[in-house]
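Come along as I look things up.

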Amino acid sequence: LMIRRPPRSTLSSSSAASDVYKRQPNDQLGTGNEVSDTFMKVGSSTYNFNSKLPSSFSNYGQSSVDVFAPGSNIWSSVPQEKYAFYSGTSMAAPNTSGVAAAIRSFFPKLKAHQVKSVLMNSGVPLYPKLKNPKTGELVNPKTLSISGKAVNLYNALIYCSNKSYKK
């Protein structure tokens, strides 16, 4: 399973979703269907469970972001045995990778595409209306990501247990 942040828009003044433009590397050809079910794109969320859940800097789109994960104000290790707060989709992708690793440690027979499915299906549903990170308009969560959910380890483990995935 390859987990990454979506490519950033090259049009900084654009208010269009990030799935409107071709970028590499990506698992889409143009803006169409995925070419691999083992490639996961993660948007960044804040710690607010309200309409401001998507981080203001995060990419979004109905085909360019699979799920959201915490990526704002993440307590991170930095050189010389110190810590600092960092924000970015580059914080959200490792968070999702950690959840995927935990799932695989409990359910090692899962294939990569199954782990992606678990992450997308077991997430916490996003707030009913979310602010579009670029326009501020209140929109349906499914317009900002494929799943309309945020990654959640607890839910993922329960989901796997209920699906009878064997150890």
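**Entry 1: helix α3.** Which exposed residues does the face of α3 turned away from its buried side carry? I found Tyr 154 and Asn 162 there. For my terms, buried means under 20% relative accessible area, exposed over 50%, and partly exposed in between, with a 1.4 Å probe and protein chains only. Helices (H or I, at least four residues) and strands (E, at least two) are DSSP runs, numbered from the N terminus.

A note on what I am reading: this is a predicted model, where local features need pLDDT of at least 70, side-chain atom pairs count only at pLDDT 80 or more, and totals for chains, interfaces and linings use all residues. Residues are numbered from 1 along each chain as its sequence is written, and side-chain values use heavy atoms, leaving out hydrogens and water.

Back to α3, which spans residues 153-162: I see Ala 156, Leu 157 and Cys 160 buried there. Viewed down the axis of α3, these buried residues fall within an arc of 95° (taken over the directions from the helix axis to the C-beta atoms), so they line one face of the helix. I jotted down the general rule too: an α-helix has 3.6 residues a turn, so residues three or four places apart point the same way. Next I asked what the buried residues of α3 pack against. They pack against α1 and α2, where contact means heavy atoms within 4.5 Å.

**Entry 2: α1 and α2.** I followed the axes of α1 (residues 89-106) and α2, which come within 10 Å and cross at roughly 115°. Those axes are lines fitted to C-alpha atoms, for helices over the stretch in contact, with angles from 0 to 180 degrees between N-to-C directions. From α1, Thr 96, Val 99, Ala 100, Ile 103 and Arg 104 meet Val 115, Val 118 and Leu 119 of α2. I sorted the residues of this contact into 6 nonpolar, 1 polar and 1 charged.

**Entry 3: salt bridges.** How many salt bridges does a search of the whole structure find? It finds 2, each a side-chain nitrogen of Lys or Arg within 4 Å of a carboxyl oxygen of Asp or Glu. Lys 41 pairs with Asp 66, with the closest N and O atoms 3.8 Å apart. Asp 66 also meets Lys 116 in a salt bridge, at 3.8 Å from N to O. Because Asp 66 lies in the loop between β2 and β3 and Lys 116 in α2 (residues 112-122), this pair ties together parts 50 residues apart in sequence. I noted Lys 41 as buried at 0%, Asp 66 as buried at 0% and Lys 116 as buried at 5% relative accessible area.

Notes:
Nonpolar A, V, L, I, M, F, W, Y, C, P; charged D, E, K, R; others polar.
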